[in-house]
Amino acid sequence: MASLCLMNSLPVPPSSSHSPKLTETSLPPSPLVLHSNNNHSVSARALKPIVVSGDPPTFVSAPGRRILAVGDLHGDLKQARSALEMAGVLSSDGQDLWTGGETVLIQVGDILDRGEEEIAILSLLRSLDKQAKAKGGAVFQVNGNHETMNVEGDFRYVDSGAFDECNDFLEYVNDSEDGWEETFTGWVDVFERWKEQRTMSNGYWGPWNLVKFSNYLGQRQKGVIARSILFRPGGPLARELARHAVVLKVNDWVFCHGGLLPHHVAYGIEKMNKEVSEWMRGLRQNDNTPNIPFIATRGYDSVVWNRLYSRDAPDLVDYQDKQVCSVLEETLQAVGAKAMVVGHTPQTIGVNCKYNCSIWRVDVGMSSGVLNSRPEVLEIIDDKARVIRSKRDRYSEELQAVAYT
């Protein structure tokens, strides 16, 4: 049974009591020449190391790397694995091994809500990041609106099974004798074993009665309490999310969940990332500033909620479309990027681009809690973008490829 009141017994991600400072970290390159999966050569020689600036990461220089962007995952571990295997960065043998070499993978937010395997996906991505760095690659995440909602305590879209996962995870963390990183990265394996055992239990799937219903209500209450402990500002999983930005610029591409606007850039993307991170770490509750960084996380035009670049209303008249294009061009010029990649709004036609391919929309609603669509991934190599849709048609002529100059 999870111990829900002993917060001091929980191992938490390391942090400083001071405000995060702009830092620069170099990730070592692989000593070998990289030929990525999919028979696509990325480098004819050893690549320069990845340089990461900011805490959380804000600017990333990743010379010569193959870059992948995957959209909203919403608690569906199976679909997440399918997308990563299809893109050639995850082993297909069930061992969850990084096979992407020096590839840089970016997940654009909304891992939480609508599905029951959220923490397992977070655990998997953290494990892959550790493995990727050893090979000269990296895994980055940006926070979406569902991450910020959960840190705010808004659980409206939480799947019932996700509350169970929170309760199980809290029990697992309390019982672990390892440090946070080992505990957290190990969760995905533990979770699947526990889930399999529970599924096979006759008591779990047996006929319902008043006793079982009472136990279900009690378990659900524990799950809500566990989630509150884990995701509240300063909680273990809120601190884990605080490691990630809301806006990330990799080479000449900018990645965010909803969409970046000119006033966001003017405000400062490092400043926004820092404010969101401090809020999630519970460091912004005792000063005179608002606890929640509104420009990044609240309102229809905030970074995580903005849908300006993702709407394709049939009645959108030309001058409105041109205005949106103008706003996008102004934003990209201000941030010094060639194109932007966003999630947030499911694209029923799959990953696609608009406005001269200055914006790529990569949320395909792949989670079974959304559209249960086939996974798709955006691939960028040498500033040439294309869509990976399946192993069979990965490089077929139907796929859209765009070169940027």
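The following questions and answers walk through a predicted model of one protein chain. Local features need pLDDT of at least 70 and side-chain atom pairs count only at pLDDT 80 or more, while totals for chains, interfaces and linings use all residues. Numbering runs from 1 along each chain as its sequence is written, and side-chain values use heavy atoms, with hydrogens and water left out.

Me: What is the mean pLDDT of the protein chain?
Reply: pLDDT is the predictor's confidence in each residue, from 0 to 100. In this chain 77% of the residues reach 70 or more. Residues 1-9 stay under 50, and residues 392-399 are also below 50. The mean for the chain is 86.

Me: How many helices and strands does the protein chain have?
Reply: Helices (H or I, at least four residues) and strands (E, at least two) are DSSP runs, numbered from the N terminus. The counts are 12 helices and 16 strands.

Me: What share of the residues in the protein chain is buried?
Reply: Buried means under 20% relative accessible area, exposed over 50%, and partly exposed in between (1.4 Å probe, protein chains only). The chain has 405 residues. The buried share is 56%.

Me: How is H2 oriented to H4?
Reply: Axes are lines fitted to C-alpha atoms, for helices over the stretch in contact, and angles run from 0 to 180 degrees between N-to-C directions. The axes of H2 (residues 118-134) and H4 (residues 160-175) come within 8 Å and cross at roughly 60°. Angles under 35 degrees count as roughly parallel, over 145 as roughly antiparallel, 65 to 115 as roughly perpendicular and the rest as oblique. H2 is therefore oblique to H4.

Me: Which peptide bond is cis, with omega about 5°?
Reply: Most peptide bonds are trans. The exception here involves Pro56, in the loop between strand E4 (50-53) and strand E5 (59-61). The cis bond joins Asp55 and Pro56.

Me: Is Pro56 buried or exposed?
Reply: Beyond four places in sequence, the contacts of Pro56 include Ala242, Arg243, His244 and Ser277. The C-alpha atoms of Pro56 and Ser277 are 7.1 Å apart, across 221 residues of chain. With a relative accessible area of 1%, Pro56 is buried.

Me: What is the phi of Asn251?
Reply: Most residues other than glycine have a negative phi. Asn251 sits in the loop between strand E9 (247-250) and strand E10 (253-256). At 27% relative accessibility, Asn251 is partly exposed. Its phi is positive, near 55°.

Me: What is the relative accessibility of Asn356?
Reply: Asn356 is in the loop between strand E12 (352-354) and strand E13 (359-361). Its phi is positive, about 60°, although Asn356 is not a glycine. Asn356 counts as exposed, because its relative accessibility is 71%.

Technical notes. Contact = heavy atoms within 4.5 Å.
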